[in-house]
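Hi everyone, thanks for coming. Please have a look at the sequence and the structure on the screen, and then I'll walk you through them.

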Amino acid sequence: MKVSVDMELCEANALCVMECPEVFQLTDDDKLILLKEHPGEELRAKVEAAAQLCPRLAITVTDD
Ligand code: SF4
């Protein structure tokens, strides 16, 4: 799976970080960073939940 975040849409509210900290992290100056652009399948449910939670619909999950 491949995860991408549209930084133009992201408002850094950290909802995805709370759902899946293995993949999403906020920097000290409130910038979202992707820790894993290609997470393992064991993280799929959490990544997809994070994408659904994002109020800005900034997270896209596709297959490699
Ligand atoms: S949930 Fe969406 S808007 Fe919030 S930090 Fe994550 S990507 Fe950005």
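**A walk through the fold**

Let's begin with Leu57, which counts as exposed because it has 10 C-beta neighbours inside 10 Å. Leu57 sits in the loop between α2 and β4, and its phi is near 50°, a positive value in a residue other than glycine.

Two notes before we go on. Residues are numbered from 1 along each chain as its sequence is written. What you see is a predicted model, where local features need pLDDT of at least 70 and side-chain atom pairs count only at pLDDT 80 or more, while totals for chains, interfaces and linings use all residues.

Now, the overall layout. How many helices and strands does the protein have? The secondary structure comes to two helices and four strands. Helices (H or I, at least four residues) and strands (E, at least two) are DSSP runs, numbered from the N terminus. Starting from the N terminus, the elements go β-α-β-β-α-β.

What about size? The C-alpha atoms fill a box of roughly 30 × 20 × 15 Å along the principal axes. With 64 residues, a compact globule would have a radius of gyration near 11 Å, and the protein has 10 Å, which agrees. That radius is taken over C-alpha atoms, and the globule rule is 2.2 Å times the number of residues to the power 0.38.

Of the 64 residues, 17% count as buried. As for contacts, two residues are in contact if their C-beta atoms, placed from the backbone, lie within 7 Å. Among contacts with a separation of 6 or more, 58% are between residues 24 or more positions apart.

Let's go inside. Which residues make up the largest nonpolar core? This core has 10 residues: Val3, Val5, Cys16, Cys20, Val23, Phe24, Val47, Ala50, Cys54 and Ile59. The elements that give two or more residues to this core are β1 (2-5) and α2 (44-53). By nonpolar core I mean a set of buried Ala, Val, Leu, Ile, Met, Phe, Trp, Tyr and Cys residues joined through C-beta atoms within 7 Å.

Strand β1 has two faces: Val3 and Val5 are on the covered one, and Lys2 and Ser4 are on the uncovered one. β1 runs antiparallel to β4, and four bridges join them; two strands pair if DSSP finds at least two bridges between them. Val5 has Ile59 as its bridge partner in β4. Beyond its neighbours within four places in sequence, Val5 is in contact with Cys10, Leu32, Leu34, Ala58 and Ile59.

Staying with β4 (residues 59-62), we find Val61 in this strand. Val61 is partly exposed, because 15 other C-beta atoms lie within 10 Å. Leaving out residues within four places in sequence, Val61 is in contact with Met1, Val3, Val47, Glu48 and Ala51.

Over to strand β2 (residues 24-26), where Gln25 is found. Is Gln25 buried, exposed or partly exposed? With 15 other C-beta atoms within 10 Å, Gln25 is partly exposed. Not counting residues up to four places away in sequence, Gln25 touches Val17, Ile33 and Leu35.

Then comes the loop between β2 and β3 (32-34), which holds Asp30. Asp30 has a positive phi of about 60° although it is not a glycine. Why does Asp30 count as exposed? The reason is that 11 other C-beta atoms lie within 10 Å of Asp30.

Last stop, the ligand. Its surroundings comprise 14 residues, and the closest are Cys10, Leu15, Cys16, Cys54 and Ala58. Here a residue is near a molecule or strand if its C-beta atom, placed from the backbone, lies within 6 Å of it. By class, this shell has 11 nonpolar, one polar and two charged residues. For these classes, Ala, Val, Leu, Ile, Met, Phe, Trp, Tyr, Cys and Pro count as nonpolar, Asp, Glu, Lys and Arg as charged, and the others, Gly among them, as polar. As you look back at the screen, notice that Cys16 and Cys54, among the closest to the ligand, are also in the nonpolar core.

Definitions and conventions:
Buried ≥ 20, exposed ≤ 12 C-beta atoms within 10 Å, placed from the backbone.
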